[in-house]
Amino acid sequence: MKQAHNADDLLRSADPGRDHGATIGKTLGTSKPWWRPEQKAPAGAPNVVVILLDDLGFSDFGCFGSEIQTPHIDALAAHGLRFTGYTTVPMCTPARAAMMTGKNPHSVGCGWLTHNNPGYPGYQAGEISLDAPTLPELLREAGYATYAVGKWHNTADYHVSAAASRTAWPLQRGFDHFYGFLGAETHFFSPGQLIEGNDVADIDELPKDYYCTDDWTDRSIKYLRSHRSAAPDKPFLLYLAHNAPHVPLHAKPEDIAAYDGVYAEGWDATRKQRFARQVASGLVPPDWRLSPESPGVKPWADVPDEQKPVMSQYMQIYAAMVQNLDRNIGRLVDELKQLGVFEDTLIVLTSDNGASSIGGLEGAANIYEKRVTRTEDPQLARSLYLDGRLGGADSFPAYPAGWANASNTPFRFYKRTPMNGGIRVPFIASWPNKVPDPGAIRRQWIHVSDLVPTLLDLLGTDYPQAFNGYRTRGLDGVSFKGMLTDPAHPSARERQHFELEGNRGYISGHWKIVSLQPPGTPIALDQWLLFDLEADPTECNDLAAHEPQKLRELIEAFERDAEANYVYPLDNRDNRRVLGLPPFLEEESARVRTFYPGTGTASPIVIAALIADRDYRIDCEFECTGEDTGVLYAIGDNMNGLAAFVLDGQLHVAFTAGASVQRSVAIALGAGTHRFTLEHRALGARRGEGTLVLDGQPHDLRIDMTPTFLRLGGEGVDVGLDRKRKVSRLYEGRGTFAFTGRIARVWVTPGAQAPDSIANRPEAQAQLD
């Protein structure tokens with residue numbers, strides 16, 4: 001194997017003259033040139049394509065038991081291997097960190113999401129520590145070109161803006177090219193902020209038929225074609241991180257229609273049918289049991305008849321998203337074949353974690369708001385369904401937990417938990433030139449952190465002792481290279497700990513412990529379940545009371561790993577966790593911020609804290625004639641937004657909070673130079689009211705701005721136009737509706753928080769609430 005670089009090697013390479021092999025005389029005639037050898041990948045190094053899906057359950061592919069049509073994915077499995085013993089981390093940011101580094105996520109600062117920095121080493125807002133080289137960094141050192149497309153969820157939210165540090169952006173963590181978005185989720189028909197390279201892509205309007213899953217594939221194909229044209233002998237890494245089928249559940253109408261009637265029998269029947277197919281196909285051994293429904297999931301027979309069409313529609317949308325994924329994966333595989341590299345490419349296809357129950361027992365038509373309120377008028381979903389808008393651009397759906405339970409068949413529980421429903425997902429590996437038994441099933445245990453050591457093993461490259469001036473701490477993953485070619489090759493993995501939002505788990509051999517902690521409740525440190533995975537792989541029987549010695553043994557092992565990997569302190573706060581401010585952001589949340597015309601869309605993170613459930617004032621200086629029209633400013637989008645605009649000789653203010661809340665008021669506007677002020681008062685209980693002031697004169701009109709903003713998850717601030725999704729339907733169909741007059745500036749002055757506000761609390765104080 002190649003010798004890894006040590007710290008001295010890295011230091012020597014910084015000086016172009018040191019260790020240079022040239023003889024340097026006074027002239028060329030008395031000198032002898034020498035060229036440092038170029039870094040080339042080892043002979044036979046495969047191209048690597050990692051396709052990571054988002055919140056997809058164990059049974060959601062046809063070849064894993066689903067009724068969803070996934071012929072291209074099934075064909076990929078037929079060319080390669082299905083791993084049924086693969087485990088991951090039960091949430092996206094930590095899972096991605098583990099996959100990218102070969103390390104346990106807490107150990108590299110990624111114990112939770114990018115929305116919160118509580119001030120502890122295991123929880124650094126999802127940003128991977130610099131002493132943990134990433135897969136693209138390691139492969140680039142080995143002579144690869146590196147490309148990333150889609151979702152990158154390992155940059156702190158507060159570092160996603162025009163002037164923010166880019167230390168944790170994809171290009172700074174090893175990718176030569178990146179196109180996608182940096183957050184947890186985005187609108188499929190109109191992503192809030194697309195990133196290209198190191199910059200926000202300035203896009204005013206997207207094509208009417210835009211759908212981001214298609215876009216990610218288009219860009220991937222473009223990258224591969226360009227690569228093969230420029231350097232056909234150089235291997236590449238493509239990391240294609242789809243955000244589907246993560247919420248919002250958005251799909252094309254024709255794809256949704258393809259599943260009309262398929263889910264009319266409900267989630268119980270779907271789950272049983274999937275399990276029967278899993279057993280019949282040999283994917284699941286015949287002695288496995290179908291676990292009972294997860295707690296709270298009601299039998300389909302108990303769902304009121306009038307709700308069943310809406311409940312079925314949620315799953316139709318989800319299935320449509322998966323089918324679209326399959327179509328796009330087929331396009332990518334076809335491209336690899338046309339480029340002549342499919343046979344020599346290792347393709348890995350998996351999901352970051354299991355299916356999500358975030359929609360709750362009834363589902364959600366607007367999960368953006370329901371996350372916070374935990375309630376939703378059931379008539380909202382029904383009205384959107386009847387109008388044909390559920391799953392479209394004016395909705396933000398999440399399917400009910402019953403469907404998530406079906407997605408995770410034969411397991412129970414969901415994403416966020418270390419139960420098998422949260423950590424057992426499909427894993428397909430295709431490498432036609434190397435896999436001797438295509439179509440086979442591997443049942444050995446492999447884990448998400450094992451990908452990096454496996455690829456290094458394939459290249460014959462050791463993990464570096466130092467990288468970019470940092471001493472590394474070794475790998476936590478283990479190689480499964482042998483399993484690719486030897487069906488009987490034993491797993492090198494013996495144990496693994498898990499933790500997410502206070503939910504803990506530990507596997508040692510065939511024994512597993514789990515501790516489940518409901519969000520927002522006191523953590524029960526001594527509450528544990530015990531399962532024998534050999535006799536009970538679907539975790540039906542808790543043996544904690546029968547095997548106290550084994551239970552203590554595994555708890556002690558978990559504690560050792562937890563201490564070594566910065567797992568503590570446990571944090572199972574509810575969604576209030578995302579609203580606290582670390583000290584270095586507190587001052588920013590109280591500062592007046594000015595926005596100017598002629599710029600791109602300002603990041604939501606720049607404006608959100610200034611208007612989050614608090615008093616604030618927005619001022620705008622502008623000039624207009626009696627003929628001018630257009631948007632003065634637009635904050636947010638059609639799901640959660642505020643806009644001021646001029647239309648038909650009036651100054652309008654519009655406020656929106658999804659399809660059910662669309663309010664606007666208007667006052668007369670004459671020609672001249674104006675200063676318009678919107679004064680917002682936060683009244684408590686997330687009630688808000690806006691007062692309009694024009695040229696110093698208050699108007700009697702008030703606008704109800706309930707519910708007040710807490711976060712902005714989509715678009716940010718536009719001055720002089722409204723890009724992409726429109727805050728107000730009053731100017732829908734007018735493009736960006738750019739203001740035809742002149743705008744000097746817009747500035748926001750934050751005031752006091754509402755007396756009962758959960759937003760913008762100092763993080764240290766919020767942790768004690």
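Q: Which residues are in contact with Gln323, leaving aside its neighbours within four places in sequence?
A: In this predicted model, Gln323 is in contact with Ile68, Gln69, Asp255 and Tyr259 once its neighbours within four places in sequence are left aside; Gln323 itself is found in helix H8, which covers residues 308-338.

Q: Why is Gln323 called buried?
A: The relative accessible area of Gln323 is 16%, and the word buried applies to values under 20%, so Gln323 is counted as buried.

Q: What makes H5 roughly parallel to H8?
A: The axes of helix H5 (residues 212-230) and H8 come within 10 Å and cross at roughly 10 degrees. Angles under 35 degrees count as roughly parallel, and H5 is therefore described as roughly parallel to H8.

Q: Which residues of H5 and H8 meet, and how do they divide by class?
A: From H5 come Thr213, Asp214, Thr217, Asp218, Ser220, Ile221, Leu224 and Arg225, and they meet Asn324, Leu325, Asn328, Arg331, Leu332, Glu335 and Leu336 in H8. The residues of this contact divide into five nonpolar, five polar and five charged.

Q: Which strands do H8 and H5 lie across?
A: H8 lies across strand E1 (47-53), E8 and strand E9 (345-351), running at about 175 degrees to E1. H5 lies across strand E4 (145-151), strand E5 (177-181), strand E6 (195-196) and strand E8 (236-241), and runs at about 170 degrees to E4.

Q: What makes E7 and E11 the edges of their sheet?
A: Ten strands form an open sheet of mixed pairing in the order E7-E6-E5-E4-E8-E1-E9-E10-E2-E11. Strand E7 (199-200) and strand E11 (440-442) each have a single partner strand, so one side of each is left without a neighbour in the sheet. Within this order, strand E2 (residues 81-83) and strand E10 (residues 427-430) run antiparallel and are joined by three bridges, one of which pairs Arg82 with Ile428 in E10.

Q: Which residues touch the most other members of the largest nonpolar core?
A: Of its 80 residues, Phe61, Trp216, Leu238, Leu349, Tyr399 and Ile428 touch the most other members, and the largest share of the core, 15 residues, comes from H8. Not counting residues up to four places away in sequence, Phe61 touches Leu53, Leu56, Ser66, Thr70, Ile73, Leu349, Pro426 and Ile428. Another core, of 53 residues, lies apart from the largest one and has Ala45, Leu139, Ala241 and Leu456 among its members.

Q: Why is E21 said to be largely enclosed by the rest of the structure?
A: Eight of the eight residues of E21 are buried, that is, under 20% relative accessible area, so the strand is largely enclosed by the rest of the structure.

Q: How do you know which strands pair with E21?
A: Two strands pair if there are at least two bridges between them. Strand E21 (residues 630-637) and E28 have three bridges, in the antiparallel sense, while E21 and strand E22 (residues 640-647) have seven, also antiparallel, so both pairs meet that requirement. On the E28 side, Tyr633 has Val719 as its bridge partner and Ile635 stands opposite Val717; on the E22 side, the bridge partner of Gly636 is Gly641, and a hairpin of two residues joins E21 to E22.

Q: What makes E24 and E28 the edges of the five-stranded sheet?
A: The order of this open, antiparallel sheet is E24-E23-E22-E21-E28. Strand E24 (662-668) and strand E28 (717-719) each have a single partner strand, so one side of each is left without a neighbour in the sheet. Neighbouring strands here are turned by 10 degrees against each other on average, direction ignored.

Technical notes. Residues are numbered from 1 along each chain as its sequence is written. This is a predicted model: local features need pLDDT of at least 70, side-chain atom pairs count only at pLDDT 80 or more; totals for chains, interfaces and linings use all residues. Side-chain values use heavy atoms; hydrogens and water are left out. Helices (H or I, at least four residues) and strands (E, at least two) are DSSP runs, numbered from the N terminus. Axes are lines fitted to C-alpha atoms, for helices over the stretch in contact, and angles run from 0 to 180 degrees between N-to-C directions. Buried means under 20% relative accessible area, exposed over 50%, partly exposed in between (1.4 Å probe, protein chains only). Contact means heavy atoms within 4.5 Å. Angles under 35 degrees count as roughly parallel, over 145 as roughly antiparallel, 65 to 115 as roughly perpendicular and the rest as oblique. Ala, Val, Leu, Ile, Met, Phe, Trp, Tyr, Cys and Pro count as nonpolar, Asp, Glu, Lys and Arg as charged, and the others, Gly among them, as polar. A nonpolar core is a set of buried Ala, Val, Leu, Ile, Met, Phe, Trp, Tyr and Cys residues joined through side-chain atoms within 4.5 Å.
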